[in-house]
Amino acid sequence: MLTTVLRGLAAASVAVLPLTASSPASAAETLPLAEAVNRLPVEAESRDGYDRDAFRHWNTGDDPSDGCNTRAEVLLDEAVEPPTVGPRCRLSGGRWWSYYDQVWVTSASGLDIDHMVPLAESWDSGASAWTAQRREAYANDQGAEASLVAATARSNRSKSDQDPAQWLPPAAEVHCRYAAEWVATKLRWSLAADETEVAALRETAAGCPDQTVTYEPAV
């Protein structure tokens, strides 16, 4: 419970775990945010051919036997006060902290599960060349805390498919964390960034001298 609260209320760094327990081990790396931004490959982006249905989600999640899909599993993992799980994984009660806008939420229906790097943005940045299986793994990635975030529907829909050059969370005090999670996700999945995106991330990183990024490549 303490780990969940700390994650919801404040995170000084981004911890990323292996995609699956059975995957070959890859070395995790921790580095300053500014250095992590400089590791992003800079490329022009293209949305040609994008279709949200190319990313199958939500699937049966990390534990197919629990009757919950990825969305529900993320909600259960991020709950500060656990909800009651009913038939067909229906969630009632519970309490969550939406860090984007610093809001407490007491109903699962009031939350969206945000892809830290939106599906459309990932397509623009390299996912267009992936297999369907890799896109599904990306869209349901519970192997890294940064990948999927429970946030208020309002903040998630305000973000839409925008990158940090176009959108940052309403709560200015979490911009360092958000930039770190964005960069960690892109590095984890070997996604590129365009010039305006990198410029915005560098500007944010300049104000976050103590922020670190820890990521492990997805396999």
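**View 1. Overview of the protein.** The secondary structure comes to eight helices and nine strands, taken as DSSP runs (helices H or I, at least four residues; strands E, at least two) numbered from the N terminus. Of the 219 residues, 49% are buried; buried means under 20% relative accessible area, exposed over 50%, and partly exposed in between, with a 1.4 Å probe and protein chains only. Residues are numbered from 1 along each chain as its sequence is written, and side-chain values use heavy atoms, without hydrogens and water. In this predicted model, local features need pLDDT of at least 70 and side-chain atom pairs pLDDT 80 or more, whereas totals for chains, interfaces and linings use all residues.

**View 2. Helix α8, residues 195-206.** Glu197, Val198, Ala200, Leu201, Thr204 and Ala205 of α8 are buried. These residues lie on the same side of α8 because they cover an arc of only 160° around the axis, the arc being that of the directions from the helix axis to the C-beta atoms. On the other side of α8, the exposed residues are Glu195, Thr196, Glu203 and Ala206. The buried residues of α8 pack against α2 (33-38), α4 (119-124) and α7 (175-188).

**View 3. The nonpolar cores.** A nonpolar core is a set of buried Ala, Val, Leu, Ile, Met, Phe, Trp, Tyr and Cys residues joined through side-chain atoms within 4.5 Å. The largest has 40 residues, and Leu33, Tyr99, Tyr100, Tyr138 and Val183 have the most contacts inside it. At least two residues of this core come from each of α2, α4, α5 (132-139), β8 (148-152), α7, α8 and β9 (212-215). Helix α7 supplies the largest share, seven residues. Another core, of 14 residues, lies apart from it and includes Cys68, Val105, Leu148 and Ala150.

**View 4. Ser160 in its loop.** Ser160 is in the loop between α6 (153-159) and α7. Ser160 counts as partly exposed because its relative accessibility is 42%. Ala120 is 40 residues from Ser160 in sequence, and their C-alpha atoms are 9.4 Å apart.

Conventions
The expected span of a helix is 1.5 Å times one less than its number of residues. Contact means heavy atoms within 4.5 Å.
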